[in-house]
Amino acid sequence: QIFIINMAASMAREFPKLTFLCRFRNASPCLGNFPAVEYSRPRQECCVQVARYRAPPFPVDRGRYKPDKSDPRTPEYKKTLKFDRKMWGRQGDASGFDASICWPTEAELAEMLEEERDWQPSLAEMQSNIAARRAAEERERLAKEKLIAANLARMPQLIEQVHADRRLKQEQLEEAKKRKDHLMAQAQERLGYGVNPKSPKFIAMVEEIEKEERKQKKQAKKAKQEAMKEAYRKAMEAAEGGRIQDGAAINPDIQLKPHKGSS
């Protein structure tokens with residue numbers, strides 16, 4: 001019992017707020033009349049009063065509130081039909097409004113019907129929309145399959161065309177490389193030393209060489225045309241001489257068609 005009393009005294013020292021459970025000078029009646037350690041504190045430290053009272057809210061009569069729409073201080077949202085409907089829903093007949101204001105107006109009813117047509121179509125309309133969508137998907141699928149079949153049929157030709165384009169591109173690259181090497185050789189032959197392809201001297205020489213090549217091509221074409229004209233003239237003279245020897249009469253009104261290369 002002495003141990004229990006001492007433990008209670010130590011708890012009272014550690015937890016002052018609980019001292020109101022342990023106010024004693026001698027042993028507590030529940031523990032007997034044995035002497036104990038005297039322990040006492042002032043009353044204001046032993047008994048700590050905690051306020052637990054919560055006053056109820058001030059009663060407000062909300063059932064009779066009705067905003068004054070003629071007052072300029074009244075907010076605009078309280079002057080609307082939506083707010084009147086809300087007041088009737090909260091207060092009922094005490095709000096002073098008729099229950100008929102809760103029904104939609106003609107404009108609101110038309111808007112609701114339009115929204116229902118847009119977002120909630122009828123069953124027949126939904127079925128027709130589904131059928132149209134499926135038909136469109138089927139047409140798209142058939143067109144895609146037809147295109148795939150046509151492309152598969154043309155695949156060997158397309159592959160051959162790709163190879164031909166690659167060969168042509170490779171030939172053009174090789175031709176350009178040969179021409180560049182030829183021009184570099186001519187530049188070294190003319191100048192007597194190697195030259196940078198990006199130097200102004202090399203560019204001017206290339207322009208001069210291209211100009212000479214164009215001139216040579218033009219002369220060769222002109223010579224070819226002259227040779228074709230001469231051959232055509234000789235053939236016409238031989239044909240005329242043969243007809244005269246055979247005694248055939250020559251009609252001077254018949255114009256002989258010249259050769260395509262002659263002018």
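Start with the aromatic rings: how many aromatic pairs does the count come to? Here rings of Phe, Tyr and Trp (its six-membered ring) pair if their centres lie within 6.5 Å; planes under 30 degrees apart count as stacked, over 60 as edge-to-face and the rest as tilted. By this rule there is one aromatic pair. Select Tyr 77 and Phe 83: the ring centres are 5.8 Å apart and the planes stand at 85 degrees, so this pair is edge-to-face.

A quick word on what you're looking at: this is a predicted model, where local features need pLDDT of at least 70 and side-chain atom pairs count only at pLDDT 80 or more, while totals for chains, interfaces and linings use all residues. Residues are numbered from 1 along each chain as its sequence is written, and side-chain values use heavy atoms, with hydrogens and water left out.

Now zoom out and colour by secondary structure. The chain has seven helices and zero strands. Helices (H or I, at least four residues) and strands (E, at least two) are DSSP runs, numbered from the N terminus. Buried residues make up 11% of the 263 residues, where buried means under 20% relative accessible area, exposed over 50%, and partly exposed in between (1.4 Å probe, protein chains only).

Go back to Phe 83, which is buried, with a relative accessible area of 9%. Select helix α3, residues 81-91: its buried residues are Phe 83, Asp 84, Met 87 and Gln 91. They sit on the same side of α3, because they cover an arc of only 105 degrees around the axis; the arc is that of the directions from the helix axis to the C-beta atoms. Why does that spacing work? An α-helix has 3.6 residues a turn, so residues three or four places apart point the same way. Turn to the other side of α3 and you'll find Lys 82 and Gly 89 exposed. Just after α3, click on Gly 92, which takes a positive phi of about 75 degrees.

Next, pick Ser 95, in the loop between α3 and α4 (106-119). Buried or exposed? Ser 95 is buried, at a relative accessible area of 2%. Leaving aside neighbours within four places in sequence, Ser 95 is in contact (heavy atoms within 4.5 Å) with Lys 66, Met 87 and Trp 88. A polar atom of the Ser 95 side chain lies 3.5 Å from the backbone nitrogen of Phe 97. Show Lys 66 too: it lies over the face of Phe 97, at 5.2 Å from the ring centre. For a charge to sit over a ring, NZ of Lys or CZ of Arg must be within 6 Å of the ring centre and within 35 degrees of the ring normal.

Hop to Thr 74, in the loop between α2 (43-46) and α3. Thr 74 counts as buried, at 10% relative accessibility. Its side chain reaches the backbone oxygen of Asp 68 at 2.6 Å.

Last stop: select Leu 183, Ala 187, Val 195, Phe 202, Met 205, Val 206 and Ile 209, the seven residues of the largest nonpolar core. Such a core is a set of buried Ala, Val, Leu, Ile, Met, Phe, Trp, Tyr and Cys residues joined through side-chain atoms within 4.5 Å. The elements giving two or more residues to this core are α6 (155-191) and α7 (200-245), and the largest share, four residues, comes from α7. Finish on Phe 202: beyond neighbours within four places in sequence, its contacts include Leu 183, Met 184 and Ala 187.

Technical notes
Polar contact = N/O pair within 3.5 Å; in protein donor to acceptor, adjacent residues only side chain to side chain.
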